[in-house]
Amino acid sequence: MARHRGRGVATINYPIGMNLGGDPSQALVHSNPTGKFTVSLSSIDLGQGMKSVTRQICAETLGVPIEDVYVDTADSDTGPHCMGSFASRGTHRVGNAVMAAAREARGVMMEAAAEELEVDPGDLETDGRGSIHVKGAPHRAISVRDVAIAAQFRQGKTISGRGIFLVPLSEVDPETGEMSPATCYAHACQIVDVEVDDETGDVTVLKMTSAYELGRAINPKLVEQQLVGGSWMGMSHALYETPEPYYPDAREGPRDFNEYLMPGPGDICPHDIIVLERPAADGPFGAKGPGEMCANPSLPAIANAIFNAVGVRIDELPITPERVLRALRARGRSVAPSRAR
Amino acid sequence: MKTPIQLRLNGEDVATFADGGANLLDVLRYSVGDLTVKGGCWQGTCGTCTVLVDGAPRLACVTLAESCSGNSVETVAGLRRGADLHPLQTAFMEHFAAQCGYCTPGMLMAAKALLDRNPNPTREDVVDAICGNICRCTGYEPIIAAILDAARKDARRSA
């Protein structure tokens with residue numbers, strides 16, 4: 001009886017968004033007479049950071065400070081239509097819609113500024129700090145606030161923009177079955193080191209080492225947060241979570257946090273992460289999105305690491321101590337001593 | 001039958017009446033009006049309702065309010081010092097230790113209980129202090145890092 005170490009590897013190509021009949025998202029951007037902008041969305045921020053990312057995208061596209069943009073989400077009764085926050089689609093689909101809306105709003109803003117300054121809109125540029133000026137002549141300037149006031153009270157214009165991003169339905173070729181489920185893919189490779197106790201069946205994850213390629217990281221700290229939390233979730237899927245932990249009948253399933261198991265703060269491991277940025281041609285500023293992709297490779301990597309440690313291939317999830325012990329017993333003898341620590 | 005309850009809440013005396021058998025969570029939220037205390041599971045398993053009673057962490061959802069009468073109670077509402085955030089709150093922001101934020105009030109109070117009695121905790125001490133608090137977004141690592149950082153910065157300040 002001993003503990004055995006093993007290492008498993010898994011890679012993933014993850015489609016950004018889905019395509020079950022076309023995948024659209026809409027966004028609306030408008031300015032208030034104070035020169036602050038509101039982005040209206042129906043997409044929800046569950047904590048993954050979509051409000052922050054769409055705020056950044058809108059501010060950058062408009063050319064105004066990020067403090068001057070407010071993102072209003074999650075009223076599907078009154079907001080512009082969105083398919084939702086799932087399938088790692090938020091940054092890519094919603095971000096593109098916000099970009100389109102902000103571009104249109106910027107056009108109106110520049111026209112209104114041009115009218116006030118009596119110049120051609122093409123001669124103007126934003127400084128990103130709340131001012132618009134003539135290219136090469138920064139003293140010929142007007143604040144975004146004054147432009148908003150002029151548009152509202154003198155010119156009778158709404159500084160606003162509409163945006164939609166649609167990935168159209170991709171029909172399945174009846175001959176070959178070929179289709180394009182996504183316009184871009186994120187990628188990852190994860191290496192997991194585990195220790196398996198052949199007496200108790202316990203699996204301990206010792207270390208994760210990962211590389212993720214997810215287009216431009218619009219907000220690197222939020223990306224890191226997604227990757228750390230997501231890989232924890234992957235470990236949880238692999239080793240802990242199930243609606244029916246010990247019995248085949250759903251009535252014996254978990255009823256609360258005590259019975260629906262997930263790893264606690266003492267069950268986590270060091271995780272080395274490298275983020276690679278290969279901008280997507282059709283992403284907002286090249287972004288794809290980390291999303292679900294960060295949880296997925298942990299499952300096969302952990303299963304492979306267990307195989308590497310004790311030589312049993314477990315193909316049911318979660319890989320509970322009971323399943324490990326049953327697999328070891330079915331194989332009939334303990335592992336080769338050379339692998340034992 | 002209503003029972004009078006007096007608490008020293010975040011350094012101020014508050015008095016209210018509660019239904020017999022009412023839990024501390026409901027009394028704090030709905031009688032006293034301190035909405036920084038959150039309810040998660042209402043059965044003592046998730047830790048988000050953690051408050052400090054006489055400095056010790058308690059699950060407010062399974063604590064009889066009457067049993068705390070006359071005691072000192074601390075919640076997130078009392079964490080900041082004047083206009084400044086508590087070092088734990090700052091560290092939670094700097095380390096991105098919240099995503100959906102539901103566990104955050106309980107995590108902050110469990111961490112405060114730890115740092116109040118042990119200003120120089122090890123990683124194991126931190127894990128032990130928050131092992132009754134469930135988080136479903138962060139993977140815990142950013143929370144552990146934030147608590148250790150707050151302790152380090154507090155130690156530097158008082159050194």
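This is a predicted model: local features need pLDDT of at least 70, side-chain atom pairs count only at pLDDT 80 or more; totals for chains, interfaces and linings use all residues.
Residues are numbered from 1 along each chain as its sequence is written, and chains are lettered from A and ligands numbered from 1 in the order in which they are written. Local features need pLDDT of at least 70 and side-chain atom pairs count only at pLDDT 80 or more, while totals for chains, interfaces and linings use all residues.

Start with chain B. Chain B has five helices and five strands. Helices (H or I, at least four residues) and strands (E, at least two) are DSSP runs, numbered from the N terminus. Along the sequence their order is β-β-α-β-β-β-α-α-α-α. The radius of gyration of chain B, taken over C-alpha atoms, is 15 Å. The globule rule (2.2 Å times the number of residues to the power 0.38) gives 15 Å for 159 residues, so chain B is as compact as a globular protein of that length. Its C-alpha trace spans about 50 × 35 × 25 Å along the principal axes.

Next, look at burial. A residue is buried if 20 or more other C-beta atoms lie within 10 Å of its own, exposed if 12 or fewer, and partly exposed in between; C-beta atoms are placed from the backbone. Of the 159 residues of chain B, 46% count as buried. B:Lys2, in strand 1 (residues 2–9) of chain B, is exposed, because 11 other C-beta atoms lie within 10 Å. Contact means C-beta atoms, placed from the backbone, within 7 Å. Leaving aside neighbours within four places in sequence, B:Lys2 is in contact with B:Phe17, B:Ala18 and B:Asp19.

Now turn to chain A. The axes of helix 1 (residues 50–62) and helix 2 of chain A come within 8 Å and cross at roughly 30°. Axes are lines fitted to C-alpha atoms, for helices over the stretch in contact, and angles run from 0 to 180 degrees between N-to-C directions. That makes the two helices of chain A roughly parallel, a term for angles under 35 degrees. Among the residues that meet are A:Val53 and A:Ile57 in helix 1 and A:Val94 and A:Val98 in helix 2.

Finally, find the core. A nonpolar core is a set of buried Ala, Val, Leu, Ile, Met, Phe, Trp, Tyr and Cys residues joined through C-beta atoms within 7 Å. Of the 132 residues in the largest one, A:Val98, A:Ile302, A:Ile306 and B:Ala111 touch the most other members. The largest share of this core, 13 residues, comes from helix 2 (residues 90–117) of chain A.

Notes: Angles under 35 degrees count as roughly parallel, over 145 as roughly antiparallel, 65 to 115 as roughly perpendicular and the rest as oblique. Two residues are in contact if their C-beta atoms, placed from the backbone, lie within 7 Å.
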